[in-house]
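Please have the sequence and the model open while reading.

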Amino acid sequence: MTYCCGVLVRDGLVLIADTRTNAGLDNISTFRKLHIFEEPGHHVLGLATAGNLSVSQSVVSLLREGVEDHEAGERHQLRDCRTMFQAAQLVGTAIRQVHKVNGAFMEQSSISFEVSFLLGGQIAGDSLRLYMIYSAGNFIECTQDTPFLQIGEHKYGKPVLDRAVNYDMEIAEALKASLISMDSTMRSNLGVGLPIDVMVVTPDTLHSELVYRIEPGEPYFHDLRERWSAALRAAHASIPRPPYLKDMRARHLTEV
């Protein structure tokens, strides 16, 4: 299982991904799921992956080596794209090419082709943007109204982002909310786990502001987990008790 999220605010972009993969309770491994394509001054792109690992690795390899354009007799890489929209289209094309080669064989073996990607970053001349790309190669773009996208085991981390994230928040706060979202997911799903890869990009710099791996025992993340748990317990304790139970007891006594 996997959890990745991208948060796009006015101050920049946060991409975060766990590294745990499992093919059963006794077959757990660590694989990087946040891949970086960067040429300072020209483009800085992050690609987070979820789903079938063999498919996502094939797509990433194809993007690095070049996606074949049979009509033009050329290979295209992400660095050749002039806009983020074109980059999202190229990822979609790579997914479809991998499916064309492997899809039928995987289906015969009852292996799911399910895969999804988050593509975020900036290309010179374009704005900082974030896309979610599906296994069919189609995609959607992140908007200011809902400035985050998620793939993988997203349901446990979504409530945090729904309540905490808005487009005008500072990038440091967006990163903090992303880490809390990841921690909430890890608490509820053992298929998501450390290490965690983080990428931060700020507008018009055309290079990664931060590329960082959070390892088990990393002090800040440990402190964040403890503080968030304590804050939830304190918030729960501070809310008045529901009046319904008292009413139910009074009603029960009356009926008796």
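Strand β6 (residues 43-51) and strand β9 (residues 115-123) run antiparallel and are joined by nine bridges. Strands are DSSP runs of E of at least two residues and helices are runs of H or I of at least four, numbered from the N terminus; two strands pair if DSSP finds at least two bridges between them. This is a predicted model, in which local features need pLDDT of at least 70 and side-chain atom pairs count only at pLDDT 80 or more, while totals for chains, interfaces and linings use all residues. Residues are numbered from 1 along each chain as its sequence is written, and side-chain values use heavy atoms, with hydrogens and water left out.

**Sheet containing β6 and β9**

- The strand order is β5-β6-β9-β10-β11, an open sheet of five strands with antiparallel pairing.
- Because β5 (34-39) and β11 (139-141) are at the edges with a single partner strand each, one side of each has no neighbour in the sheet.
- From one strand to the next, the twist averages 15°; axes are lines fitted to C-alpha atoms (for helices over the stretch in contact), and angles run from 0 to 180 degrees between N-to-C directions.
- Helix α2 (residues 84-108) lies across β6, β9, β10 (129-133) and β11, and runs at about 155° to β9.

**Sheet containing β2 and β13**

- Five strands in the order β12-β1-β2-β13-β14 make an open sheet, again with antiparallel pairing.
- The edge strands are β12 (148-152) and β14 (208-214); each has a single partner strand, so one side of each lacks a neighbour in the sheet.
- Direction ignored, neighbouring strands here are turned by 10° against each other on average.
- Six bridges link β2 (residues 12-18) with the antiparallel β13 (residues 196-201), and D18 is opposite I196 of β13.
- Helix α4 (residues 171-188) packs on this sheet, touching β1, β2, β12, β13 and β14, at about 20° to the direction of β2.

**Residue T2**

- T2 is located in the segment before β1 (3-9).
- T2 counts as buried because its relative accessibility is 8%; buried means under 20% relative accessible area, exposed over 50%, and partly exposed in between (1.4 Å probe, protein chains only).
- Beyond its neighbours within four places in sequence, T2 has contacts that include D18, T49 and I151.

Terms used. Contact = heavy atoms within 4.5 Å.
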